[in-house]
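Subject: Structure for your review

Dear colleague,

Please find below the structure that I am handing over to you. My findings follow directly after it.

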Amino acid sequence: MADTSAAGPPKPFGWRFISPLLLGSTLNPINSSMIATGLVGIGVDFHSGPGTTASLISVLYLCSAIMQPTMGKLSNLFGPRRVFLAGVVILFIGGVVGATAPAFGFLLLSRALIGVGTSAAYPTAMALVRGRADAAGDGVPGRVLGNFSIASQITVVFGLPLGGVLAGAFGWRALFLVNVPLALITFILTLVGVPKDGPAPRRGLKGLVTAVDIPGIMLFAGTVASLLVFLADLARPQWWLAVVVLVLGTALILWERRAGKPLIDVRMLARHRPLQRTYLRQMLVGLGIYTALYGTSQWMEQSAGLSPSTVGLVLLPLSGLSIVIARVVSNKGWVRMPLVLAGVALMLTAAVMLLITHESGIPVLIGMSLLFGFSNGFSGFANQATLYVQTPANDIAVASGLYRTFSYIGAIFSASLISITFGASATDSGFHTLGWVIGGIGAAVLVLTLVDKAIPRFANAADEAETPVPEKHAAA
């Protein structure tokens, strides 16, 4: 059902349809960032140290990385609107549990529920958008995809300040309680604006277990969890975890090759090299941007002696420029050139990082921040659009979930990379070493884009690209 609130022909992507999807898709990143402002208060109330309270951050990342493709799989089985709404209900419960938590363990449970619930939003939203765009014959809805990219940027801008205001005015429990009204609003808007799914196919218990692919989900969860824990502390690598990753990853591939309804269609993925490169490129861009962002923040405070508020102001242009660029790129439907420019911008960022020291002025630091914004703005929509055109409609939910999983891998790897580079403190020497690393990442993104003939020049010109069509796709 299209949005008919306005006069004239129905709009396939009116705000009644798109607003709950956008709101739902921001709930995961906003919960990721808000919690940082409440960790000190939580530690005081529950007599927990920084290491313990930091687990509230990692448990959400972990659940999100695992559940994003899983929710995409469930979306294919039960319908994207049903899974989207189920995720919102789980988020509501997570908010209540966190806001009333009598012990720290309940906060961990709350964050896990919030991670699981919010993971439903993005893959199901992509499935709903794809279904509506294909039904309308609109091709790639560049402006809609751009809105998702911009919503993510706005979350980066407002997540921490919003968390600070809530925690300062009402205490840390407000960081959990805020999910209750957000979940209610999203739930109601979805009921009103998003058409119901068609009837789900009837399956017996055995058929349902086979279709869900529980062994595949468990093996995927074990592989991703082990990998993220291993990557999180490469300064003191636990090599036995690398062995676990290898064993579980091999078991996952072997199982999914013979599964009738695999979570991850590894045979299709092995054949679909353009999609492999898109995931790799997304992970590299995420690694480069998160490394630059977090590493620079730490260096500006510890070495340049700037206050946290000043660092925030220096980095603010990053998000603002990212939003503007994402709007322009998505309106024009540009895909290939922005990815080239994202790699170039990362390399220019690295060059600036090699030239500055802790005595450099604020304008120079703002210039570096703007270069981060170029990388972020150019890559956000373009990688998302590339995934869209390279993925068959039936696979878009799982593929979008995996896309987010690769982003999380890049983000968590960046923390470890910063720790190795800086060591005990963030000095100029360590910052310059970080610059070389980011330059290498930018060069890798640039080469990957230039040699990849499957990347279209424009979002609606995918047929110009040499995208191989796999014989069988990852439909659940």
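**Salt bridges and overall form**

A search of the whole structure, which is a predicted model, finds three salt bridges. As background, side chains of opposite charge can pair when their charged atoms come close.

Asp134 is partly exposed because its relative accessibility is 42%, whereas Arg130 counts as buried because its value is 11%; the cut-off for buried is under 20%.

Another salt bridge is formed by Arg277 and Asp452, with 2.9 Å between the closest N and O atoms. This pair links distant parts of the chain: Arg277 is in helix α14 (residues 273–302) and Asp452 is in the segment after α19 (428–450), 175 residues apart. Arg277 has a relative accessible area of 26% and is therefore partly exposed. Asp452, in contrast, has a relative accessible area of 0%, so it is buried.

Asp452 also meets the side chain of Arg281 in a salt bridge, at 3.6 Å from N to O. Because Arg281 lies in helix α14 and Asp452 in the segment after α19, this pair ties together parts that are 171 residues apart in sequence. Arg281 is buried, since its relative accessibility is 0%. Through shared partners, the salt bridges join Arg277, Arg281 and Asp452 into one network.

I also looked at Asn147, which is found in helix α7 (residues 142–170). With a relative accessible area of 16%, Asn147 is buried. Apart from neighbours within four places in sequence, Asn147 is in contact with Leu22 and Arg327.

Turning to the protein as a whole, there are 19 helices and zero strands. How does the radius of gyration agree with that of a compact globule? For 476 residues, such a globule would have a value near 23 Å, and the protein has 22 Å, which agrees. Its C-alpha atoms fill a box of roughly 65 × 55 × 55 Å along the principal axes.

Of the 476 residues, 54% count as buried. Among contacts with a separation of 6 or more, 83% are between residues 24 or more positions apart. The accessible surface comes to about 19,800 Å², and 70% of this belongs to carbon and sulfur atoms. Finally, the protein has 30 positive and 18 negative charges, and their mean positions are 8 Å apart.

Yours sincerely

How values were computed:
Residues are numbered from 1 along each chain as its sequence is written. This is a predicted model: local features need pLDDT of at least 70, side-chain atom pairs count only at pLDDT 80 or more; totals for chains, interfaces and linings use all residues. Side-chain values use heavy atoms; hydrogens and water are left out. Helices (H or I, at least four residues) and strands (E, at least two) are DSSP runs, numbered from the N terminus. The radius of gyration is taken over C-alpha atoms; the globule rule is 2.2 Å times the number of residues to the power 0.38. Buried means under 20% relative accessible area, exposed over 50%, partly exposed in between (1.4 Å probe, protein chains only). Contact means heavy atoms within 4.5 Å. Accessible areas come from the Shrake-Rupley method with a 1.4 Å probe; for residues, only the protein chains shown count as cover. Lys and Arg count as positive and Asp and Glu as negative; His and the chain ends are not counted. The place of a charge is taken as NZ of Lys, CZ of Arg, CG of Asp or CD of Glu. A salt bridge is a side-chain nitrogen of Lys or Arg within 4 Å of a carboxyl oxygen of Asp or Glu.
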